[in-house]
Amino acid sequence: MKQVRYFIVTLIALVVFLAPSISRGASFNASNLISDSNFIDIHAMTASQIQSFLVSRGSCLASFSENGRSAAQIIYDASHGYGDASGSLEGITINTSTGTVNPGVILTTLQKEQSLVSDPSRCTELILNKAMGYGCPDSGGCNPTYAGFTKQVEWGSWQLRYNYERAQGTGFSDYQVGQSFCWNDWNGTNCGRFDNRATASLYRYTPHVYNGNYNFWNLFHNTYQFQVPAYDYSIVSQNEYPTLNQGGAGYNFIITVKNTGSQTWQKNRVNLGTSRERDRIPAFLREGGDPSGWISPNRIAFQESSVAPGQNATYSFWMQNSGV
């Protein structure tokens, strides 16, 4: 009896319909510095990816550690709401369930504030004590309560997420989505509008256009290219695959896929599609179970109604060896 073993990940490719592209070299827009979904994408980088980034840039932080944790681990933990990156203020709670901001946002802020990514000589006590510029107002001086690399990263990350949360629908009167702004910078008066919560957060952290936020935008999008693609994914898991006998019972395959892009997936817009050759009509039969996963002879829809960035999509479908 003929037998076929299927390893689904090698046979199925993610297919996106109507997916817009992102231009990394887009013109600077003072009113929209970064998308909300990208700003709070705490899963954008693992601790090892942060470490690799620091090494690749020749940063002194690549070899820095404090209280038994590497700089990369400190940044990763702060992104996920640990330590002083967790807390409540004025009805807004930030903790390990919410996380704070994208690790790339933290890295960019470290560079914007103190050049700690690009300059291998910057890891001095004086510089590390004000690494994120947190508690260091333009009027001068830094609050010693927040001195030290770990405290700076944790408090700075918390502040950025707090700013984000307060920017819409929480009753505050300043730094709100839709409000206009004007600041005097080295090149004159620059005005705009807070188009989203992330932009409002960054301006509340650094209330200047060209004396800070242009630098953030340019570093994040162009120098470091942290911009998350609109549509991207990673395989989280799939159930064990059996040996399918010709003419035998079908088998329900389940694949879990994480949305690692910046756009929310809508049902029937982000589907699994056949590959080898792409878009071929496979020798699979939808027998032995619920066929609802298949929306065409070579497309499979996920079960959820929509899948936001960082969430998982579940693709459940039946297959049977037809012997073809």
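Helix 3 (residues 47–56) packs against helix 4 at an angle of about 130 degrees, and their axes sit 8 Å apart. That makes helix 3 oblique to helix 4 (angles under 35 degrees count as roughly parallel, over 145 as roughly antiparallel, 65 to 115 as roughly perpendicular and the rest as oblique). Keep in mind that this is a predicted model, where local features need pLDDT of at least 70 and side-chain atom pairs count only at pLDDT 80 or more, while totals for chains, interfaces and linings use all residues. Residues are numbered from 1 along each chain as its sequence is written, and side-chain values use heavy atoms, with hydrogens and water left out.

**Helix 3 with helix 4**
- From helix 3, A47, I50, Q51 and L54 meet A71, A72, Q73, I75 and Y76 of helix 4, with contact meaning heavy atoms within 4.5 Å.
- That contact splits into seven nonpolar residues, two polar and no charged (Ala, Val, Leu, Ile, Met, Phe, Trp, Tyr, Cys and Pro count as nonpolar, Asp, Glu, Lys and Arg as charged, and the others, Gly among them, as polar).

**Helix 4 with helix 5**
- Helix 4 (residues 71–79) also packs with helix 5, at about 125 degrees and with axes 9 Å apart; axes are lines fitted to C-alpha atoms over the stretch in contact, and angles run from 0 to 180 degrees between N-to-C directions.
- Helix 4 and helix 5 are therefore oblique to each other, and helix 4 passes helix 5 in a right-handed crossing.
- I75, A78 and S79 of helix 4 make the contact with P103, I106, L107 and L110 of helix 5.
- Here the residues divide into six nonpolar, one polar and no charged.

**The cavity**
- There is one cavity of 30 Å³ or more: on a 1 Å grid over the protein atoms alone, a cavity is a set of points where a 1.4 Å probe fits but cannot get out, and lining residues have an atom within 4 Å of a point.
- The lining of the largest cavity is made by T109, K112, L160, L202, Y205, T206, N213 and F216.
- Helix 5 (103–114), helix 8 (197–205) and helix 9 (209–223) each give two or more residues to that lining; helices are DSSP runs (H or I, at least four residues), numbered from the N terminus.
- By type, the lining has four nonpolar, three polar and one charged.

**Around C136**
- Look for C136 in the loop between helix 6 (125–128) and helix 7 (149–166).
- Leaving out residues up to four places away in sequence, C136 touches K130, G141 and C142.

Methods
On a 1 Å grid over the protein atoms alone, a cavity is a set of points where a 1.4 Å probe fits but cannot get out, and a pocket is an open set with protein on both sides within 12 Å along at least five of seven lines; lining residues have an atom within 4 Å of a point. Grid points are joined across faces, edges and corners, and a volume is the space filled by probe spheres set on the points. A crossing is left-handed if the near helix is turned anticlockwise from the far one by less than a right angle, and right-handed if clockwise.
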